[in-house]
Each structure stands twice: as C-alpha cells, then as structure tokens.
Amino acid sequence: MEKLSQKEFGPGSYPDWICPFGLLRFASMFTGIVETQGIIKKVTEKGGNKTFWIKSPISAKLKADQSVAHDGVCLTVEEVKASRHRVTAVAETLGKTTLGDWQEGFAINLERCLKINDRLDGHFVQGHVDAAAICIHKKEKDGSWEFSFQFPPEFASLIIEKGSITINGISLTIFNVTGTTFDVAIIPYTFDHTNMNLLKPGQKVNIEFDMLGKYISRKLSLSK
C-alpha cells in the first residue's frame, strides 16, 4: 500500500482512499475469476522486453495505466486501439512466467482488477506469478476434467490440500497434493471459457500461490 500526499489526488483508474495521513493508493488485486479471453495479434522485442498487442472483447473498454491480469500476470495497459490493447513484459517477468513463450495466435485469459465494492468470487490474487508449473496429466471425467501439475519443490510449503491456487489467472482448489505435484478439477463452464481447453500435457502454466500462505511461510522462516 503506497502513501501519497493530498496534492497527488485526482481522477484515475486506481482505487484511492483519503485518510487523515493523506491519500492511500492500493495495489491492484484480482479474484481469479476469468472475465474473457484474448488473442495475441502481434509480438515485438526490444532489448530484454517483449511487447504484445492483444485483441479481446474488453480491450476497447480499457484505458492506459489500468492493470489487467493476462494468464494470471498483472500487466499495465499502455495503449488501446479499437478492439486491441498493448502491454509490455520486462525480462524478469519473461523469465519467471510463460510470457516468454507467447506467440501470435495464442489465446490467453483476461481479468480486470477488482473494484473495492465488488464481490470476491474467487480468492485474493495479486497477479504476481510465483513460478511456472508443467501439466503432466489431463483426464476427462464424465463432463468435467482433471489436470495434474508438477511444480518446483522449493514451493512445497506454500501449497496445502484443498487450498487455493491460481493457474493462468484462474482461481482453483487443489487436491492430491505431494511435495512436487497437485491436481485440480475443472467444471465444464471453466473448461469452455478459459484456455484450459487448449492445455496439453507437457505445456507450462503460470501459478500464483495463496498470498496468506506466503506471509505465514515468511513469518515462520524469520522466527527460526
């Protein structure tokens, strides 16, 4: 949470709050409930960065400086033209997420940031991807689907049975947790309205662990 002076107050797309100490600006948050999908129409590279033009049903409604989750990665909208918007990912983001593999024609999940008075239908998601996981199994089960994923073992303390996780921006409940794997079940609606229907074994996804678990893990590590 960033503390700003009263002088910086003005209209904008950020959720702001005035208090006796000045203006407080809250970081963008998401819920993991995918709003729509977009198609990557153009990819350009400059230095260690990559810029993406994305076409989607919500692109025309966006404004520069807004935060949007792209497959679970919070990116700032830089420009909007008709039904397309432009975002840029820096080298740090490209190295820790699947964005470095994005190509023209890829379908990605999109979610605009949470409004303060909105319902929280998923769980609190920052859009700060922790790692990439690999899909190791996909199985249809009487209309629904089950996926198995392998994740880096150093994150084992952040994942619990029946806990929440974000996969490509989708808030999901995990089960069959081991030290390096977990499963999720996908209902037909989510399967049809996200890019989970395109996911195949061997492909990588972006994962963000539950924020509360990360704070607890940090606290425990400092108390040792």
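These legends accompany a few close-up views of a predicted protein model.

Local features rest on pLDDT of at least 70 and side-chain atom pairs on pLDDT 80 or more, while totals for chains, interfaces and linings use all residues. Residues are numbered from 1 along each chain as its sequence is written, and side-chain values use heavy atoms, leaving out hydrogens and water.

View 1. Helices here are DSSP runs of H or I with at least four residues, and strands are E runs of at least two. Of the 224 residues, 41% are buried, meaning under 20% relative accessible area with a 1.4 Å probe and protein chains only; exposed is over 50%, and partly exposed lies in between.

**View 2. Phenylalanine rings gather in a cluster.** Ring pairs link Phe147, Phe149, Phe151, Phe155, Phe182 and Phe209. Rings of Phe, Tyr and Trp (its six-membered ring) pair if their centres lie within 6.5 Å; planes under 30 degrees apart are stacked, over 60 edge-to-face, and the rest tilted. The count comes to seven aromatic pairs. One of them, Phe147 with Phe149, is stacked, at 6.2 Å centre to centre and 15 degrees between the planes. Both Phe147 and Phe149 are buried.

**View 3. Lys138 sits over the face of Trp145.** Look for Lys138 at 5.2 Å from the ring centre. This label asks for NZ of Lys or CZ of Arg within 6 Å of the ring centre and within 35 degrees of the ring normal.

**View 4. Here is Ile216 in helix α3.** The helix spans residues 211-223. Ile216 counts as partly exposed because its relative accessibility is 45%.
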